[in-house]
Amino acid sequence: MDSHREPPMFRMDSLEPFVDELERPPVAVATGMRVWHGRETPSYSIPISEFYAKVHRDMPETRFWGYGGTFPGAMIEARRGQGIVVDFANQLPSKHFLPIDPKIMGAEPGKPEVRTIVHLHGGRVPPESDGYPENWYTPGHSLATYLPNDQEAALLWYHDHTMGINRLNVMAGMLGLYVVRDEVEDALKLPSGERELPLVLTDRSFTADGQLFYPISQRPGGIWVPEFFGDVALLNGKYMPFAKVGAAPQRLRVLNASNGRFYRLTLSNGQAMHQIGSDQGLFAAPVSLRELSLAPGERADLIVDFTECAGTRVTLNNDRRPILQFRTGSKMSQMVRSIPAVLRPIRRMEPHEAVQTRRLTLDEIDTTLDDPMVHVLDGKRWHDPVSEKPKLDTTEIWEFVNTTDDTHPIHLHLVRFQVLNRQAYDVDKWLYGNKIVFLGPPVDPDPNEMGWKDTVRCTPGMITRIICKFEGYPGRYVWHCHILEHEDNEMMRPYEVIR
Ligand code: C2O
Ligand code: CU
Ligand code: CU
């Protein structure tokens, strides 16, 4: 057991809060144009490299591995209809600094330790650019990725997706924001420039010397842990930063990029937040909230009106603990305060549009004493033959039957979908009798789940139903739980869009 003892940790609670200013991720700049499939296309080059950055004024520099030398990485700003090519150059060292488990699928002995492949989460991209987990490459190699941006304005994000070490690569820093804009959004004249603030939430733990700490299992011979929960939340890579905002409506674009942590965000003055969009873009109309829940992978587009808070300090809290302080300037005159009442029309999809309904279970499988429990999808592992093969341009209902005690945020690549409903069912009658017995009628999704989504919370004891049109491209993609520890250990499956 001794060998599993955790190292001394950094006393984060000894640090003075709100001494560092929140930083905006730098915006990536195109390096030029290049001809891609016969068309002039803006081209970007983003190194994946090791660098050091300060999480707090009074901490030593922390080693990160990430995109473009910052954590979070360089932010890519894209326009709908204008495709781009990004060269992601793997310039990492050849040894990993976080604990690889060679018993995990894809990370077996003999595989190079350091491997990367980038995925654009929420992007409608051709299969060869989607970052298929097995398409990883090693240091010294680069991959040109074509991203068409053929989709509505939304906050997407790009992150590592390497088979077997995805949780470690993202923990090390391989994540960044990707904004798609379009004319519908422009016409709404939402707060922009200084008044639009990206907020990336990641939780991390630090050793006494200020370095990232990722635990290993306490089980004999174990390394993989079923979930990572960091000691503290970082906002754009800083611990308890402050942000100066005008006494005006501010647009906050929030991403939960944590491996496993769910957030419950509130404002210290009890003020409402107006959510205007989620994973895949704008809502039909704003939704007013006092508390916002965000699962790993989910995004929220918020407007917070600081007009009445001129000259004061308001904190953003997670589970009632402050994680960010807003310092509000003095009142500005002539500021447009109203939030548009109508945003972007969303047609609710109807169950009868679906050509097929797939019942897919989220399961925990047999645990033995020296093997930790493993989560799988529909009883199958990564290497089982592809079983979900929707036809291009057809609509399907997928119902996720959660048989476990955890909430799993389920994400599908390529597509956007709508949440139809959730319905309680008798888990034991399913597990021990193979029968679905409902315990109540279907319940509507939350008001802020009525927009386009790409990640959905599947709560325990419930069947969560989504409806999805498989538009875009035929080919091989994946669907998975966005708790990265689950995803890495078999809670991910290939799926194929067929013609
Ligand atoms: Cu955030 Cu498979 O992705
Ligand atoms: Cu994704
Ligand atoms: Cu999960």
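Reader: In this predicted model, where is His482 found?

Author: The strand β29 covers 475-481, and the helix α4 covers 484-488.

Reader: Is His482 buried or exposed?

Author: The relative accessible area of His482 is 1%. Buried means under 20%. His482 therefore counts as buried.

Reader: Which residue's side chain is joined to the side chain of His482 by a polar contact?

Author: Leaving aside neighbours within four places in sequence, His482 is in contact with residues including Trp157, Asn259, Pro409 and His121. A polar contact of 3.2 Å links the side chain of His482 to that of one of these residues. The partner is His121.

Reader: Where is Gln280 found, and is Gln280 buried or exposed?

Author: Gln280 sits in the loop between β16 (273-278) and β17 (281-289). Its relative accessible area is 6%. The limit for buried is under 20%, so Gln280 is buried.

Reader: How many Å apart in space are Gln280 and Gln151, C-alpha to C-alpha?

Author: In sequence, Gln280 and Gln151 are 129 residues apart. From C-alpha to C-alpha, the separation in space is 8.9 Å.

Reader: Which side chain makes a polar contact with the side chain of Gln280?

Author: The side chain of Gln280 reaches the backbone oxygen of Gly122 at 3.0 Å, but that atom is part of the backbone. A polar contact of 2.8 Å runs from the side chain of Gln280 to another side chain. That side chain belongs to Asp454.

How values were computed:
Residues numbered from 1 in each chain as written. Chains lettered and ligands numbered in written order. Predicted model: local features only at pLDDT ≥ 70, side-chain atom pairs only at ≥ 80, totals over all residues. Heavy atoms only, no water. Helix = DSSP H or I, 4+ residues; strand = E, 2+ residues; numbered from the N terminus. Buried < 20%, exposed > 50% of the residue type's maximum accessible area, 1.4 Å probe, protein only. Polar contact = N/O pair within 3.5 Å; in protein donor to acceptor, adjacent residues only side chain to side chain. Contact = heavy atoms within 4.5 Å.
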